[in-house]
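Trainee: I would like to take a close look at a single part of this structure, namely the places where its chains meet.

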Amino acid sequence: MTGFPLLSTIVAAPFLAAFLLFFVPATSRATTRIIAVAGTLVSLAGSIGVAALYDPAGPIYQLREKYPLVPSLGIHLDLGVDGWGVSLLLLTSIIICAGVFATWTMQERDQEFYILLLALVGGVFGVFVSLDLFVFFLFYEIAVLPMYLLIGVWGSSKKVAEAGPFRWIFRLLDIGGKEYAAMKLTLMLLAGSAFILVGVLAMYKAAGLDTFSMEALGAVDYPRSLQMWAFPALWLGFGTLAGVFPFHTWSPDGHASAPTAVSMLHAGVLMKLGAFGVMRVGFVMLPEGAQAWAALVGVVAAINIVYGALSAMRQTDLKYIIAYSSVSHMGVVMLGAATLTIDGWNGAVYQMFAHGLMTGLFFALVGLVYERAHDREIFHMGGFARAMPAVAVFFTIAGLSSLGMPGLAGFVAEFLVFLGAWRGPFPWWAVAGIFGAWVTAVYVLRAARQIFWGEGPSDRYPDLSDPRGPEWVALVALAACLVVFGVAPRLILDGIDDASADYLQQIEAAVAATADASGVRP
Amino acid sequence: MLILALTSLLAPLLCFALLAVVEPLRRRGRLAGRLSALVAVSSFAAAARVAWMVLVDGADPVTWTVHWLVHEGQGFAPVGIHIDGISASMLAVVTLVAACVQVYSLGYMADEPPAAQGRYFAWHSLFIVAMGLLVLAPDLLQLFLGWELVGLCSYLLIGFYWRKPSAGKAAVKAFWVTKFADMGLLLGIIALFGATGTMSWEHPPAGIWALVVPALLFVGVMGKSAQVPLHIWLPDAMEGPTPVSALLHAATMVAAGVFLVVRAYPLFEAAPAMLTFMAWLGAITALVAAVTAVVQDDIKKVLAYSTCSQLGYMVAALGSGHLMGGYFHLTTHAFFKALLFLGAGAAIHAVHSNSIFDMGGLWRKTPVGAALFIVGALALAGVPGFAGFFSKDLILEELLHAGHLGPLLLLVVSAGLTAFYMTRVVAIAFFGEPGARAAHAHEAPWIMLAPMALLGMLALVGGFGGGLLAEAWGQEYHFAVTPVGVVTTLFGLAGIGVGVVRYGTRTWTGLTLDGLRGFILSGPVDRFWDSAWRRGLLPVARMVGWFDRYVVDGLMNLVAVAVLKLGAGVRRLQTGRAQDYVFAVVVGALLFLAYGVVGG
Amino acid sequence: MTTTAGLAAGPGLHAWLLLAAVLFCIGIYGVLSRRNLVAILCSVELMANAVNINLVAFSRFHGDLLGQAFALFSVALTVAEVGIGLAIVILVYRARKGIDVDELDLLRG
């Protein structure tokens, strides 16, 4: 593929914008925002361009670019995009644009905030287009680390009631505090990274090709013993970021403490990095290990869905509700992946896309409500629809998408995943998933009723108002995307399907080859 | 024909989009209402033309689809338009009632704030689209899409008075209960796809799936069509504005379940056990709901339970193995129940109360409205000549043929009860003592009466449309007097008689059965689900949430604290005193020395 | 210039080494157990001198004068070390009003 280096432009634009922001005086708020928006808009335009240029009938990786980085170790900046990457690039650029608009009114240290945010998103773009495992991991870390500062500095704290068998711990840790949340998130994700690194290096060494190219490493037939331990290492490593039970507990605290745009980006995009990693590196590159472990992955995913939904039901803090709903919905992604069927995989990737939009919208709204009400307890609220009707409408749209209302993107994804689950090895996964969707309906509508319906709002909330100026951009864009991709899923589903079909073929071929080989031996 | 059907679908969609996006238009409520009503009427015109072409001119069925989803490069899940006798006639009925209700709403909702009116009509337009999607579906997936969307409209419209806590509760309850049942429907569709590779109702799956698939689908039907024990949401749904109750919760949306069974009948036919179950469940629902209707004082609640009961008739009829009776009843019921609700709405509008005891003697104040309501009541009671009579008669006839005598008996008893409770409502609300609030009542404006009159006419003559409807199956339909029909009619007339004696002339007021009345009013089924919610789901959710916060997360914190403690332990070695470090060096040196001496 | 016979008459190399070892151990004991910085400094001197004795003894028994030169060099260095050490002690005294090493634990973890 020749011509304009589209992918590197997408990745470089946020980094460049972040770099430029260092030289802008801290007082010029408008310039800061213009640069940040410009950086994200370039990426957005690039992502739309990629989506337009990507040809489902063509080779699996398109728009290739390759620059040497550390040739002696076989590390190259090898960029290319598959059907999954197309939709996830699109998602990321939509969310980051919306995120910048949604935090337009932020006051405190806005420049540093945007620098970190842009660096983070540059890392995310990098992961989705990297075809070199080392660079993939590098970008992954770039995406994960700024979160520590973003939450620690700009976050908010909440008191958690002391109880439970480990009650004495509360004296030692500031549980619910923003520093606690930032630390917890970073440490858990880094612990996951350690597992990933071990798995990656094991593959590099076992392949013995002196290259980190994912294509080359993916074509290697690793020994079964290696696959059997490397796959769970990758699953747990990436899975921590994807909120896999029981390593999801960073998510509620982290997302609840994080500022609006960060929650949007983290729940909307970053958790997808985890799921993308599990599928792209774990499932695709270690097919035998994947097949052997798929049952466990699926069971844990089913637990995730139901457990996350039930936990969300119990929360009274708006941000925690949405955060737990992410845990539940990421379970749908992992469930789809574990089915190892075409529909399940399509659904998993589509769910990443749909959930990203949906939860992005959710967190944008929660931020809006919190900013105006200075309160997150839903049982304090009531009748907010009177003062903020548009927020109520958008909240309902996001909620409906999360509970799988047809016509919104969430339904397409959930339907495909459940279809895949039913046709996969364990049909009851589909039952768990569908039950989870029902519980989602219970807690989402309950929250919507509690916040927006009924009498009120009382005098405690004098500042309630509908979104203003740039905030509209974020909300309308996200809601419109939910509708568009809910009505016309094939806009991106064809590309996703192309990649899933290719990868599944690879897996089948690899497994079949091993079966043949073992069949020959007595 | 395709263009016409598309028009009847796209016109309301456009209207909804306009009202949803163009805020100034929505805020001008009356204008929005007129636009929406106009669109609904034109939508009906198109649908009626389609129905005429199919049923009268005998046009061939038409299907036009595109693939909505894709796997392995192959499109699947067709969505589009499928026109045959069933969908064309159903679409005509739906759009007709919708048009009537929208025109009526122009009068009924006139006192609401303009913005609220705009919202109301936007959702009404969306409802027509959703119902059209459902009716014209070429396969089960699109039917499910429409099914969920009408559920959404129902949720939004029940919660129209969102400031009222009871409306909010009713709205989410309706959504939860139907969505709960929809789990079965969705699973059924998925299981069907798993077994046959398509989501079409044409090919029943083999083996155990032949029973499992329709059973799962039927769970959805039970929710949407308010069959016992999932009927609990329907009476609460009366919190919505009365025209909404007429359109969604009486005439069309709740009938979607029945429509699903009619549509997917090849699947149900393949499972005889399922049919028997349906006959019994329908009959039980009909009886239970009829008994409950007798003790209600809220006019809308009476009608709501009556809707449950009539839906029970339809489901039971479909259990007989014949389609015509259930479907016929669906259409006639749509007309007279919509009429009844609109009449009730007019009465409520006049006295600003739902209680039949507040109405009393409305006959003298609002003669036209009362007369139209009574037409509806007579049709519901199955008085010969009215629409309800023919369809009910056909249902009982079919059940007799199929040999389902138990359900038949229950339905005959229910017919008597139906006549009784309708007489009670009419006698108390329209005759009887003038209620306190009825003094200043006045007739509804013509814009409300005109659609009622149209529906009233259909309730009168709709029964003669049976022959036309039978065309949908290429069958003949002729009415004949049969013993079952005679007995049922007698039961009905007896019910009316008892009702008149008891509530009209008040010549007999014995036998009050207060214990039974109290038991029914306490809502045993409701209490069951309520305790399932309170003692089942909520505690489980609480437990899981607690477990997550304090045990799972507690373990994570434990790891963190363990590391901290370890650090604290190791830290003690760093005393900061140089002498201790020197001591350590000396000990280390001695150890090396010892190793050199002993091991070296 | 000493002779081999003179060597034979006096104590053997082992004795000198033993003396040095004993002195060294006394020094270590002092460094580890004394709390007064000046005393510790003295103990360090003992250890340094133990080393010097070794140097001289080996030099003597090997017949190589380089060792004795080295010992002289070491003595000079030790003087410098004591100078700096005492300066530190004085500074510590000024800063902390005492020279008890148990209280000098700023490095404590």
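How many residues of chain B are in contact with residues of chain C?

Mentor: This is a predicted model, in which local features need pLDDT of at least 70 and side-chain atom pairs count only at pLDDT 80 or more, while totals for chains, interfaces and linings use all residues. Residues are numbered from 1 along each chain as its sequence is written, and chains are lettered from A and ligands numbered from 1 in the order in which they are written.

To your question: 10 residues of chain B are in contact with 10 residues of chain C, where contact requires that the C-beta atoms of two residues, placed from the backbone, lie within 7 Å. On the side of chain B that touches chain C, helix 26 (residues 578–598) of chain B gives the most, with 5 residues; helices here are DSSP runs of H or I with at least four residues, numbered from the N terminus. That side of chain B divides into 4 nonpolar, 4 polar and 2 charged residues, counting Ala, Val, Leu, Ile, Met, Phe, Trp, Tyr, Cys and Pro as nonpolar, Asp, Glu, Lys and Arg as charged, and the others, Gly among them, as polar.

Chain B also meets chain A, with 49 residues of chain A in contact with 45 residues of chain B. Several helices of chain A each supply at least two residues of the side that touches chain B, including helix 13 (287–314), helix 15 (342–373) and helix 21 (490–520), and helix 19 of chain A gives the most to that side, with 10 residues. The residues of this side of chain A comprise 32 nonpolar, 8 polar and 9 charged.
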